[in-house]
Amino acid sequence: MNAAEMLERLVGFATVSRDSNLDLIAFVESYLDEHGVKHWRVESDDGKKANLLARIGPDVEGGVVLSGHTDVVPVDGQPWSTDPFTLVDKGDGRLYGRGTCDMKGFIACALAQLPEWKAHGLTKPIYLALSYDEEVGCIGAPRMIERLMADHPRPAAVIVGEPTMMQPVVAHKGATNLRTTVTGRASHSSQVDQGVSAIHVAARLVTKIEDVMSELRAEGRVDEAFNVAHSSLHVGKIAGGTAINIMARECTFEWEIRHLPSDRFEELFERVNAFAAELEAEMQRRAPETSIVTEALNVTVPALADDNNAEVLALCHELLGEQPSGAVAYATEAGQFQRVGLPTVICGPGSIRQAHQPDEYIEIEQLAAGTRFMQSLGRRLGQ
């Protein structure tokens, strides 16, 4: 089975993050069994999803981990011209389908190469680390990484196969998703002195969230390696109120902080939280039952720093040829691998510009480039 044929199978599993990925995991397990490859499930608490860890080659130190997430983002409301979960070749040099570039293309390249790796007789192992729920906060990978570090000889390097057009990426921002609920006091809108509008308070807090970015730029807290050179704070959803003539009792908004490797989430959050405390005190002087409560929706995804990666970067250059490395604004599981001391870079086929889009695609040449990379890796670890 070549990479395109494997990708067709993988795209056919509708592994949207809100749903189970177990059918895909079972398929990969069966494929691994066919080729005599050892593997281990690492399940979610409810058993509805699973990571999959596999080892090709000997049980020794110094291997390379190829990490990829199995989940994809929803297609709801997107104007797809084809079935998102059927791989389509339109004859234009692209393969269309949800997850083709983000990031089942990378997984397909690895799985398709497995028989050749086996034939090489690797002297160092290649690990496949397939995770769940990356798209909703890199939730699944930490327990898989814990299992890897506890039960297996220490790998030498990790390559996370997010779409980078097969160019090494050495840094990314960290990410935290948050939900803030403002509880005010309802009243008739003609009696504004009797109530506290949760919407008005939330609006002031949302403005402060944006203002923090301006503060960071003014302080010179920037890293020009990133196309957005500062830590970013963004409100993506907001809802509140019941009628135009009622002062809103509740308003909830969801927001995120994407912090540079040189920044700390806690410090940026505190800038917002301190202002929220001021607003809450102001509210409670008028209505003691009011409040502002913020909860984290995920454990902070750590940033990937350009650090302790010389050997894995040299490996990528050896396999791909010398080319500049870069940084990306999105978050991945790479920071989680780096946090446990594993040298980590990001490198995979396809363009992030296609990720999450209707009619998502991967260029056939990018799939071929990913295949060549996997072939070179097998030869390198078979020496």
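Me: Which residue stands opposite Ser131 in E6?

Reply: His69 does. Keep in mind that this is a predicted model.

Me: How many bridges join strand E3 to E6, and do the two run parallel or antiparallel?

Reply: Read the bridge count first, then the direction. Strand E3 covers residues 64-69. 6 bridges join E3 to E6, and the two run parallel.

Me: How many bridges join strand E2 to E6, and is that pairing parallel or antiparallel?

Reply: Strand E2 spans residues 50-56. 5 bridges link E2 with E6. Here the strands run antiparallel.

Me: What is the bridge partner of Arg55 in E6?

Reply: Tyr127.

Me: Which residues lie on each side of E6?

Reply: One side carries Ile126, Leu128 and Leu130. The other carries Tyr127, Ala129 and Ser131. Both faces are covered, with all of these residues buried.

Me: On to pockets. What is the volume of the largest pocket, and which residues lie nearest its centre?

Reply: Start with volume, then lining. The largest pocket has a volume of about 1000 Å³. Its lining has 35 residues, and nearest the centre lie Glu135, Val136, Asn177, Glu256 and Arg258. Strands E9 (174-183), E11 (232-240) and E13 (250-259) are the elements that each give two or more residues to this lining. E13 gives the most, with 4 residues.

Me: What about the second largest pocket: which residues lie nearest its centre?

Reply: Asn227, Val328, Ala329, Tyr330 and Ile352 do, out of 22 lining residues. The volume of this second pocket is about 490 Å³. E13 and strand E15 (326-328) are the elements giving two or more residues to its lining. E15 gives the most, with 3 residues.

Me: And how do the residues of that lining divide?

Reply: Into 11 nonpolar, 7 polar and 4 charged.

Notes
Residues numbered from 1 in each chain as written. Predicted model: local features only at pLDDT ≥ 70, side-chain atom pairs only at ≥ 80, totals over all residues. Heavy atoms only, no water. Buried < 20%, exposed > 50% of the residue type's maximum accessible area, 1.4 Å probe, protein only. Pairing = 2+ DSSP bridges. 1 Å grid on protein atoms, 1.4 Å probe; cavity = no way out; pocket = protein on both sides within 12 Å on 5 of 7 lines; lining within 4 Å. Points joined across faces, edges and corners; volume = space filled by probe spheres on them. Nonpolar A, V, L, I, M, F, W, Y, C, P; charged D, E, K, R; others polar.
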